[in-house]
Amino acid sequence: MTPAPDAGPDAAGAWDDLLRAEFARAAHDVTPGPAPVAAVVRAGRARRRRRTVALAVLGVAFAVAAGTSLGRDPHPAASLAAPPARPATSAFAPTAGPPSPAAPRTSVSSSGQQIPTPVRTVAPGERVAAAPGWKVWLTAGGKHWQGGEDPLEQFRSVTDGNIDLARPGISHQGEGAFHSGLYYGTRDAGRVELVDDRGRATAAALLELPGRPGWGVWYAVTREGGALGLRLYDRAGRLLSELPPL
């Protein structure tokens, strides 16, 4: 239905009112669907997360730029990702100066082989576990040891006149596989070797009292059986004294 072409303004206005009334009546007959509340909430959360991430990225970028411009480490994580390089040999750089009295010494045998011989400084009366079931200790009077089948303490004096402390020498007490003795007459002992009948050398451990009194105690464990000779060397590898095989 349309107004006649020759109708006046009043007819056109009445026609508009009629159309509005029809649209309003039709709208009242439509039942609206449920509102998409869950979808709206999800969309809002996603939008909030994107905004939070964007702000965090901008903050990190600003901190990096600020740290770089000030000449500082831009971020604590940078120091973890790229630690400062250290010289590879700094921990092993040689040091000048003499070793401590208890530091291991390295001697050179007559064949040119380096044999580490620790010269250990011990306190008077300090008991050293020389081998399973064996203990050795030193006093100002000499060498003490205990072990093996004899539970009693044994003693070898350095002050009874039987040892010439003015000349390099060496003594030997052997009980099974355990061997020990005195070395004396030198403040520069480097090593003591036990040599078997096949020429095989076993380096002994050395003990001294503080102050290098000019004598000390040696001990070693070897295979049982066979004759053993002894050799005393200084720290330069020179032979000071030799005891033939017993």
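**Close-up views of a predicted model**

**View 1. Leu230 is found in strand E14 (residues 229-234).** Strands (E, at least two residues) and helices (H or I, at least four) are DSSP runs numbered from the N terminus. The model is predicted: local features need pLDDT of at least 70, side-chain atom pairs count only at pLDDT 80 or more, and totals for chains, interfaces and linings use all residues. Residues are numbered from 1 along each chain as its sequence is written, and side-chain values use heavy atoms, with hydrogens and water left out. Leu230 has a relative accessible area of 0% and is therefore buried (under 20% relative accessible area; exposed is over 50%, partly exposed in between; 1.4 Å probe, protein chains only). Residues up to four places away in sequence aside, Leu230 is in contact (heavy atoms within 4.5 Å) with Ile170, Ser171, His172, Glu193, Leu194, Trp218, Ser241, Glu242 and Leu243. Between the C-alpha atoms of Leu230 and Leu194, 36 residues apart along the chain, the separation is 4.8 Å.

**View 2. Ser241 lies in strand E15 (residues 239-243).** Ser241 counts as buried because its relative accessibility is 13%. Neighbours within four places in sequence excluded, the contacts of Ser241 are Pro168, Gly169, Ile170, Leu230, Arg231 and Leu232.

**View 3. An open sheet of four strands has the order E3-E4-E5-E6, with antiparallel pairing.** Strand E3 (128-131) and strand E6 (150-157) are the edge strands, each pairing on one side only. Two strands pair if DSSP finds at least two bridges between them. E3 and strand E4 (residues 134-139) run antiparallel and are joined by three bridges. Val128 stands opposite Val136 in E4.
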